[in-house]
Amino acid sequence: LGPPKGDGPVVVRANFQLHDINEIKEQEETFAFSGVLTLRWHDERQVFDPAATGVDEKVYQGAYQFNELSTGWFPQVVLVNEAGKYDKHGVVLRIQPDGTLTLIETLTAVANAELNLRRFPLDRQRLEAVFAVLGFDDSEVVLRAESETTGSLANAVRLPQWTITGIGMWTKNIPIPYAGRRGVASAFVVSV
């Protein structure tokens, strides 16, 4: 089952709540982080009548229910700048009667970062986690950053010898050979 067909690409709204930056390794130019990735999209094929099904919302939680029992398409998101670790710990898929799907995943990962330490210890760095949908190009699936949330728990994130000044989210197109026919994918960027 592929993405829903329509007048254009499927729009998947993305949000990331950063829980922690566990470590920054300057020598390896990597950072370890954890948080919750939320994806929201619409699929007419998932519309249902609550009176006929007896539920106001369909919920699939945990790896077995999500992977084995849910019947719809979902965007498989990968961390493009992954540096060895990308673990998903929990998953919930919620389906509304109008066909709106919300996928919520907790994750812990290590990502590459381009660090410029010439001005250390008075330097500023930008740590970016770049997510893209596996196997589909930007003519099929487009990621959009959720506008109503900032993804920011910056005040709660603490890391010795570092000060978190803000968290931002945006999208951009990037060349990825495995993205689909065109090789250009829509990417969701979380920047700290």
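## Strand β6 and its partners

Leucine 39 has leucine 103 as its bridge partner in β6. The model is predicted: local features need pLDDT of at least 70, side-chain atom pairs count only at pLDDT 80 or more, and totals for chains, interfaces and linings use all residues. Residues are numbered from 1 along each chain as its sequence is written, and side-chain values use heavy atoms, with hydrogens and water left out.

Strand β2 (residues 30-42) pairs with β6 in the antiparallel sense, over 13 bridges. Strand β5 (residues 82-95) also pairs with β6 in the antiparallel sense, over 10 bridges. Here two strands pair if DSSP finds at least two bridges between them. Valine 91 has glutamate 105 as its bridge partner in β6. The hairpin of β5 and β6 has 4 residues between the strands, and glycine 99 takes a positive phi near 90 degrees there.

Strand β6 (residues 100-112) is mostly covered, with 10 of its 13 residues buried. Buried means under 20% relative accessible area, exposed means over 50%, and partly exposed lies in between (1.4 Å probe, protein chains only).

## Chain overview

The protein chain holds 2 helices and 10 strands. From the N terminus on, the order is β-β-α-β-α-β-β-β-β-β-β-β. Helices (H or I, at least four residues) and strands (E, at least two) are DSSP runs, numbered from the N terminus.

Of the 192 residues, 44% count as buried. The accessible surface comes to about 10600 Å², and carbon and sulfur atoms hold 48% of that. Accessible areas come from the Shrake-Rupley method with a 1.4 Å probe; for residues, only the protein chains shown count as cover. Take the contacts between residues at least 6 apart in sequence: 70% join residues at least 24 apart. A contact means heavy atoms within 4.5 Å.

## The four-stranded open sheet

An open sheet of 4 strands runs in the order β4-β7-β10-β9, with antiparallel pairing. Its edge strands are β4 (77-79) and β9 (168-175), each pairing on one side only. Neighbouring strands are turned by 30 degrees against each other on average, direction ignored. Axes are lines fitted to C-alpha atoms, for helices over the stretch in contact, and angles run from 0 to 180 degrees between N-to-C directions.

Strands β9 and β10 (residues 184-191) run antiparallel and are joined by 8 bridges. Isoleucine 174 has alanine 185 as its bridge partner in β10. The loop between β9 and β10 holds tyrosine 178. This tyrosine 178 is partly exposed, at a relative accessible area of 41%.

## Salt bridges

The whole structure contains 4 salt bridges. A salt bridge is a side-chain nitrogen of Lys or Arg within 4 Å of a carboxyl oxygen of Asp or Glu. One of them joins arginine 40 and glutamate 146, at 3.1 Å from N to O. Arginine 40 lies in strand β2 and glutamate 146 in the loop between β8 (141-145) and β9, so the pair ties together parts 106 residues apart in sequence. Arginine 40 is partly exposed at 32% relative accessibility, whereas glutamate 146 is buried at 9%.

Lysine 88 and glutamate 105 meet in another salt bridge, at 3.2 Å from N to O. Lysine 88 sits in strand β5 and glutamate 105 in strand β6, 17 residues apart. Lysine 88 is partly exposed at 42%; glutamate 105 is buried at 5%. Aspartate 43 bridges to arginine 45, with the closest N and O atoms 2.9 Å apart. Aspartate 43 is buried at 1% relative accessibility, while arginine 45 is partly exposed at 40%.

## Around phenylalanine 48

Phenylalanine 48 is found in the loop between β2 and α1 (50-53). At 9% relative accessibility, phenylalanine 48 counts as buried. Leaving aside neighbours within four places in sequence, its contacts are Thr53, Val55, Asp56, Glu57, Lys58, Ile95, Gln96 and Pro97. Lysine 58 is 10 residues from phenylalanine 48 in sequence, and their C-alpha atoms are 9.3 Å apart.
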